[in-house]
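Please read these notes with the model open beside you.

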Amino acid sequence: MVNFGNDWNGILKDEFEKEYYIRLREFLIREYRTEEVYPPMEDIFNALKYSSYSDTKVVIIGQDPYHQPGQAHGLCFSVNKGVRIPPSLVNIYKEIKNDLGIDQPPHGYLADWAHQGVLLLNATLTVRRGRPNSHKGKGWEIFTDRIINILNQRDKPMVFILWGANARAKESLITNPAHLILTGAHPSPMSVYNGFFGGAYFSRANRFLEATGQEPVDWQLKP
């Protein structure tokens, strides 16, 4: 049983007893013993630890964790302070600058967003070093689909931001008309000019939150 330290504990407690998750856990035990796997085991569930169910107001869905040493720490698109800012996050910062006029911070640590209720959730929560998508199809997608289903059923409105084909594949899970869905191309350098820039995701998310009686997200990160 994972301890999230918030209301996800009760909401997800039965998930860890399901057959698919038991198989996933056995797979992860082997992987962490025999391979270099990211993020560190204690960071796998940081997205849910940092953003409780009741406080979540924006969901950003990534693909799988960064796969180079020192990068992944359990929040999609985020890296710890002192780690070089990855190209996809640089492009996210450029879009924030264009959208809200906020300059790029000196780091890529997005915990400030998470603590405000921005759930930074990858579709797959672990990966082998240097092998993107290496833990795809092992059970994580069932787990993260379940999280999206649970959030979709919530009456309190929230914003889902889906960048790229993998994230947009989750759109069919979001059926509650109370929520806002924003989609765009993935911010990676290979696709960023095919419909990511100019999406104004951050100002549109905040307008929706304010219109539904919620505090907007302060997208400016502390230094």
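1. A volume is the space filled by probe spheres set on the points, with grid points joined across faces, edges and corners. The structure is a predicted model, in which local features need pLDDT of at least 70 and side-chain atom pairs count only at pLDDT 80 or more, while totals for chains, interfaces and linings use all residues. Residues are numbered from 1 along each chain as its sequence is written, and side-chain values use heavy atoms, with hydrogens and water left out.

2. Around the largest cavity you will find P39, I44, F45, A47, L48, P65, G74, L120, L121, N122 and L125. Strand 3 gives the most to this lining, with 3 residues, and both helix 3 (46–50) and strand 3 (118–122) supply at least two each; helices (H or I, at least four residues) and strands (E, at least two) are DSSP runs, numbered from the N terminus. By class, the lining of the largest cavity holds 9 nonpolar, 2 polar and no charged residues, where Ala, Val, Leu, Ile, Met, Phe, Trp, Tyr, Cys and Pro count as nonpolar, Asp, Glu, Lys and Arg as charged, and the others, Gly among them, as polar.

3. The structure holds 2 cavities of 30 Å³ or more, and the second largest cavity has a volume of about 40 Å³. Its lining consists of Y93, I96, I102, D103, Q104, P105, W113, W219 and L221, which divide into 7 nonpolar, 1 polar and 1 charged.

4. Turning to the pockets, the largest pocket has a volume of about 490 Å³, a pocket being an open set of points with protein on both sides within 12 Å along at least five of seven lines. Of the 24 residues that line the largest pocket, D64, Y66, H67, S88 and H186 lie nearest its centre. The lining of the largest pocket has 11 nonpolar, 12 polar and 1 charged residues.

5. The second largest pocket contains about 250 Å³ of space, and among its 14 lining residues the closest to its centre are V2, Y21, M41, I44 and F45. Helix 2 provides the largest share of the lining of the second largest pocket, 5 residues. That lining has 11 nonpolar, no polar and 3 charged residues.

6. How do helix 2 and helix 6 cross, and at roughly what angle? The axes of helix 2 (residues 19–34) and helix 6 (residues 140–152) come within 9 Å and cross at roughly 130 degrees; axes are lines fitted to C-alpha atoms, for helices over the stretch in contact, and angles run from 0 to 180 degrees between N-to-C directions. Helix 2 and helix 6 are therefore oblique to each other, since angles under 35 degrees count as roughly parallel, over 145 as roughly antiparallel, 65 to 115 as roughly perpendicular and the rest as oblique. In this contact (heavy atoms within 4.5 Å), Y20, Y21, L24 and L28 of helix 2 meet W140, I142 and F143 of helix 6, and these residues divide into 7 nonpolar, no polar and no charged.

7. Helix 4 (residues 87–100) and helix 8 (residues 201–211) pack at an angle of about 60 degrees, with their axes 8 Å apart, and that makes helix 4 oblique to helix 8. On the side of helix 4 the contact involves I92, E95, I96, D99 and L100, and on the side of helix 8 it involves Y201, F202 and S203. By class, this contact has 5 nonpolar, 1 polar and 2 charged residues.

8. Two details of the backbone remain. A cis peptide bond, with omega about -5 degrees, joins Y38 and P39, and P39 lies in the loop between strand 1 (37–38) and helix 3. N133, although it is not a glycine, has a positive phi of about 70 degrees, and N133 is placed in the loop between strand 4 (127–128) and helix 6.

How values were computed
1 Å grid on protein atoms, 1.4 Å probe; cavity = no way out; pocket = protein on both sides within 12 Å on 5 of 7 lines; lining within 4 Å.
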